[in-house]
Amino acid sequence: MEIQKINVYFGTYTNANSSDGIYHSVLDLMTGGLSNPELAHAASNPTFLEIHPSSKFLYSVTERNPGEVSAFAIDPATRKLALINKSSTEGKGPCHLCISSDGKALLVANYGSGSVASIRINGDGSLAGPASSFQHTGSS
């Protein structure tokens, strides 16, 4: 049986806008139609999102200084998000996330400070905190 509908999440800027955080919609792959977005979790500037390979967890940067990554559990029935915990990104203005294929590590890039960090993901989806970070030097 072919998958015809998928769940999608949107991160948004929330300061001075009408947005409240992370939204959920359903994308119909047959028609290309997207359901009306519904608030999955109120959050401040959750601009980049990444879903865990297990599809049980979602991670979001909080684009501010200092930067944070938030871990959420995805409710399989409602698709709403429940905050698990947060971790520092060891930098300013986080802008991108990437989760390892085994789901045990999250990499984050910090645009504002020009740095990257690796954060361990625990079995329950929570973030263990930065395991390492690297500050780039120079310009452009």
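**Reading the model**

Guide: Arg 79 is buried, with a relative accessible area of 18%; buried means under 20% relative accessible area, exposed over 50%, and partly exposed in between (1.4 Å probe, protein chains only). This is a predicted model, in which local features need pLDDT of at least 70 and side-chain atom pairs count only at pLDDT 80 or more, while totals for chains, interfaces and linings use all residues. Residues are numbered from 1 along each chain as its sequence is written, and side-chain values use heavy atoms, with hydrogens and water left out.

Visitor: Where is the place of Arg 79, and what is its phi?

Guide: Strands (E, at least two residues) are DSSP runs numbered from the N terminus. Arg 79 is in the loop between strand 6 and strand 7 (81–88). Its phi is near 70°, a positive value in a residue other than glycine. Ser 55 has a positive phi as well, of about 65°, although it is not a glycine. Ser 55 lies in the loop between strand 4 (49–51) and strand 5, and counts as partly exposed because its relative accessibility is 44%.

Visitor: Which residues does a cis peptide bond join?

Guide: The cis bond joins Asn 65 and Pro 66, with omega about -5°. Pro 66 lies in the loop between strand 5 and strand 6 (68–74).

Visitor: How is a sheet read?

Guide: Strands of a sheet pair through backbone hydrogen bonds, either parallel or antiparallel. Two strands are taken as paired if DSSP finds at least two bridges between them. Here an open sheet of four strands has the order 4-5-6-7, with antiparallel pairing. Strand 4 and strand 7 are the edge strands, each pairing on one side only. Strand 4 and strand 5 pair in the antiparallel sense over three bridges, and Glu 50 stands opposite Tyr 59 in strand 5.

Visitor: Is Thr 62 buried or exposed?

Guide: Thr 62 is in strand 5 (residues 57–62). Thr 62 is buried because its relative accessible area is 7%. Contact means heavy atoms within 4.5 Å. Neighbours within four places in sequence aside, Thr 62 is in contact with Ser 44, Asn 45, Gly 67, Glu 68, Ser 70 and Pro 94.

Visitor: Where is the place of Leu 29, and is Leu 29 buried or partly exposed?

Guide: Leu 29 is in the loop between strand 2 (21–28) and strand 3 (38–42). Leu 29 counts as partly exposed, at 45% relative accessibility.
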